[in-house]
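Dear colleague,

Please find below the sequence and structure that I am handing over to you. My notes on what was found follow directly after them.

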Amino acid sequence: MQDVKSAGDLARAFDHMSEAQVEQPYQLYRRFRDECPIGRSENHGGFWFAMRYADVAAIARNFRVFSNTDGVAVPRQPSSPMYPLELDPPQHTEFKNALTPLFHISQAEALAPDVEAEVASVLKSALPTGKFDFAVLADHIPSLFALKVIGIDEADRPQLIEWVDFLTHGRDQPEKAAEVGALWAQYLSDMIARRRKEPKRDDVISALFETEVAGMGGLLTDDQVQRTLFVLIFGGLHTTRSAILESLFYIARHPETRAAMIANLENAAFWPLAVDEFIRYSTPTQILKRQVTCPIELHGQSLQEGDDIMICYGSANHDERQFASPDKVVLDRSPNAHVSFGMGPHRCIGQNLARVFLRSTLKQVLRLIPDYAVADDFVPHYQVGEARAMVSLPAAFAPRDA
Amino acid sequence: MPKITFIDPAGKRTDVDAREGESVMLAALVGMVAGIEAECGGACSCGTCLVQVEPGWREAVGGPNELEAGMLEVIDNVTEGCRLSCQIPVTGRIDGLIVKVAG
């Protein structure tokens, strides 16, 4: 059936949190890029959206006109404001610079052998059965390693993950969201108070206790530490899960991609471009908000101070104006200035960790079960929320000894 | 507001009113200066905000910090006086600063 709705009608009805949109986002993005690059939706109190790469990149960079201080999630996240994400420069700059060394590439790379060993250990029990749901792995690896780097005790992780799951994917129930938001805030605040009295550990929490940000009043307070942990935990879990599952699914459906990856398993030079290409293609965080600080015109639309604008990373990363064959994974794509980690001052602080988690997982899966297959009739379903992640990805392979 | 002049790889000059406490890289983003990609957003981990500080300004700007020095060792087109602009804080001392964008 021909779609007779105008791009303007589609824009007014656009809802990034609707199930239909999250299941299949790319077709509509493309229509908007061509016909309505800056549009206005009537959902969630009304918001603008930007769909083309050039606009998304320009807005993400221009923190003076497009502010983060009103929060980046729509609907609003009960844990706001989260630091340093929901601050603007100069406060943001000093805060983020203080955190950057904790997530340096050398620290992230040092984890690679442990991540590979953990992937092998998770897969081990499945090997004789010939069946495995990759969602188990995609949940486990980021949860284990991101929460370990941050410094959340092992015993507390399952409960924490349950809360984060809800706050990422269940905010259509505002009362429950507020309740869960209060529960995990209480947990973090108790944990921070306890950790203050304990000996220093080699983790992000201990480092935060020693972090000084002059623009925030000096050494971070308990509340500021908590607001930093909010975003580190939100940012670290579902996004990586999403990239792992989307990549494994693409590989299952594209034999030539799988063959190239297997041929280059031990070729270290191959992986950086390949991993970033999967991250571009999957775009775990599809869309986030900025608030307009002064009147500005974009593609003939007049935006006013106080207006919300959603910048759509998912659409930008699939913009044919920026990337040739955007819907294909081109393993050696270069240059590849994708916006999956954002762009400008708020670019993801955990990007080095994310790359290590994804690379180690893909390599180890392809080493241990290079023949894995996903059923021909399998159609992925996605969780609605800040991270577009598959609910499950069941795979089958020839059974083998563990 | 300290003024910073960027000379992009094509030779075009852009004057930007920077704000104290921000970085020279952020000033370039606001001024839409060509050649400052700042892919990592100021995390000192991508090398795409490289600038060459004009000779007369090098003392006022100072040398690279430890994290930055490590990055400068692995970037290709580093010449004398080069800094990662995300690591240069804007202060009153650098009002009038001129840098060339390495591109």
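**The sheet of chain B**

Strand β3 (residues 50–53) of chain B pairs with strand β5 (residues 98–101) of chain B in the antiparallel sense, over 3 bridges. Two strands count as paired if DSSP finds at least two bridges between them. Strands (E, at least two residues) and helices (H or I, at least four) are DSSP runs, numbered from the N terminus. Within this pair, Gln52(B) has Lys100(B) of β5(B) as its bridge partner. In general, strands of a sheet pair through backbone hydrogen bonds, either parallel or antiparallel.

Please note that this is a predicted model, in which local features need pLDDT of at least 70 and side-chain atom pairs count only at pLDDT 80 or more, while totals for chains, interfaces and linings use all residues. Residues are numbered from 1 along each chain as its sequence is written, chains are lettered from A and ligands numbered from 1 in the order in which they are written, and side-chain values use heavy atoms, with hydrogens and water left out.

Both strands belong to an open sheet of 5 strands with mixed pairing, in the order β2-β1-β5-β3-β4 (chain B). Its edge strands, each pairing on one side only, are β2 (13–17) and β4 (82–84) of chain B. On average, neighbouring strands of this sheet are turned by 35° against each other, direction ignored. Axes are lines fitted to C-alpha atoms, for helices over the stretch in contact, and angles run from 0 to 180 degrees between N-to-C directions. Helix α3 (residues 66–74) of chain B lies across β3 and β4 of chain B and runs at about 115° to β4(B); contact means heavy atoms within 4.5 Å.

**The sheet of chain A**

Chain A also has an open sheet of 5 strands with mixed pairing, ordered β1-β2-β10-β7-β3. Here β1 (38–41) and β3 (66–67) of chain A are the edge strands. β3(A) pairs with strand β7 (residues 287–292) of chain A in the antiparallel sense, over 2 bridges, and Phe66(A) has Val292(A) as its bridge partner.

**The two largest pockets**

The largest pocket has a volume of about 770 Å³. On a 1 Å grid over the protein atoms alone, a pocket is an open set of points where a 1.4 Å probe fits, with protein on both sides within 12 Å along at least five of seven lines; lining residues have an atom within 4 Å of a point. Its 28 lining residues include Pro272(A), Asp276(A), Arg355(A), Glu39(B) and Ser45(B), which lie nearest its centre. The largest share of this lining, 5 residues, comes from α15(A).

The second largest pocket has a volume of about 490 Å³. Of its 20 lining residues, Glu23(A), Tyr26(A), Glu246(A), Tyr281(A) and Arg388(A) lie nearest the centre. The elements giving two or more residues to this lining are α3 (26–35) and α13 (238–253) of chain A.

**Tyr26(A)**

Tyr26(A) is found in helix α3 of chain A. Not counting residues up to four places away in sequence, Tyr26(A) touches several residues, among them Tyr281(A), His318(A) and Arg388(A). The side chain of Tyr26(A) also makes a polar contact with that of Gln286(A), at 3.0 Å. A polar contact is a pair of N or O atoms within 3.5 Å; within protein, one must be able to donate a hydrogen and the other to accept it, and residues adjacent in sequence count only if both atoms are side-chain atoms.

Yours sincerely

Definitions and conventions. Points joined across faces, edges and corners; volume = space filled by probe spheres on them.
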